[in-house]
Amino acid sequence: MTEKVKLRAFEQEDIKHLHKWYNNAESIFMVGRTPMTFEETEQLVFNMRNAGTIIMGIENNDEELVGWIHLSNIVQEHGRAEIGILMSPDYRGHGYGKSAMKQMIEMGFNQLRLNKIYLTTRGINERAIALYKKLGFILEGSLRQHSFIDGKYVDTIFMGLLLQDWRNM
Ligand SMILES: CC(C)(COP(=O)(O)OP(=O)(O)OC[C@H]1O[C@@H](n2cnc3c(N)ncnc32)[C@H](O)[C@@H]1OP(=O)(O)O)[C@@H](O)C(=O)NCCC(=O)NCCS
């Protein structure tokens with residue numbers, strides 16, 4: 001079956017879109033802290049690239065940029081990396097996130113020789129957790145009251161996917 005999205009290099013000119021996505025209320029709730037300026041968003045991307053993060057833009061079949069996805073904290077000796085994703089608020093719930101995650105996971109295992117891909121997410125992020133479980137990520141631990149969101153402490157959960165499990169799915 002053809003995929004709903006494709007991954008391509010994330011370009012400098014894409015940052016203006018990322019800036020909007022980050023300042024969406026749900027994004028602030030689920031991944032952010034407070035609204036960010038364009039310059040802060042640029043700096044974030046610069047810092048990530050400097051740290052060796054692989055960043056891809058997610059494009060739908062109409063060639064619209066609908067999100068970004070990245071592999072960070074790549075430790076080649078141990079064969080592991082952390083995955084992160086943020087979709088444009090206009091394109092959430094279209095199956096794009098799932099398709100992009102599958103392709104980034106394949107890239108991690110097939111191009112980067114990873115053995116494990118892991119992530120953290122806020123325990124309140126039901127949509128993201130449902131997606132990660134569908135992809136085979138397993139809950140490895142919970143960091144209690146790790147974030148303060150909208151006046152409440154919430155847990156952060158840690159999930160991991162091993163190459164052997166991905167291949168056996
Ligand atoms: C979380 C996110 C990446 C998911 O991407 P998406 O494109 O919206 O998700 P999809 O449409 O691919 O849906 C993935 C699965 O989640 C499930 N799902 C969708 N919405 C859901 C909801 N509100 N509650 C529970 N499960 C839900 C669907 O069942 C779907 O699986 P299916 O295709 O087998 O039916 C995206 O919504 C997003 O960027 N959210 C804001 C930022 C964020 O939370 N990032 C992740 C931080 S860890």
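Reply: Start with Y118, which is buried at 11% relative accessibility (buried means under 20% relative accessible area, exposed over 50%, partly exposed in between, with a 1.4 Å probe and protein chains only). This is a predicted model, where local features need pLDDT of at least 70 and side-chain atom pairs pLDDT 80 or more, while totals for chains, interfaces and linings use all residues. Residues are numbered from 1 along each chain as its sequence is written, and side-chain values use heavy atoms, without hydrogens and water.

The structure has six aromatic pairs (rings of Phe, Tyr and Trp, the last by its six-membered ring, with centres within 6.5 Å; planes under 30 degrees apart are stacked, over 60 edge-to-face, the rest tilted). Y118 forms one of them with F158: the pair is stacked, with 5.2 Å centre to centre and 5° between the planes. Y118 sits in strand β5 (residues 116-122) and F158 in strand β7 (residues 152-162), so their pair ties together parts 40 residues apart in sequence (strands are DSSP runs of E, at least two residues, numbered from the N terminus). F158 is partly exposed, at 28% relative accessible area.

Next come F148 and Y153. Their ring centres lie 4.7 Å apart with planes at 50°, so this pair is tilted. Both F148 and Y153 are exposed.

The loop between β6 (138-149) and β7 holds D150. D150 is not a glycine, yet its phi is positive, about 50°. It is exposed, with a relative accessible area of 61%.

Elsewhere, ring pairs join F10, Y22 and W68 into a cluster.

Technical notes: Helix = DSSP H or I, 4+ residues; strand = E, 2+ residues; numbered from the N terminus.
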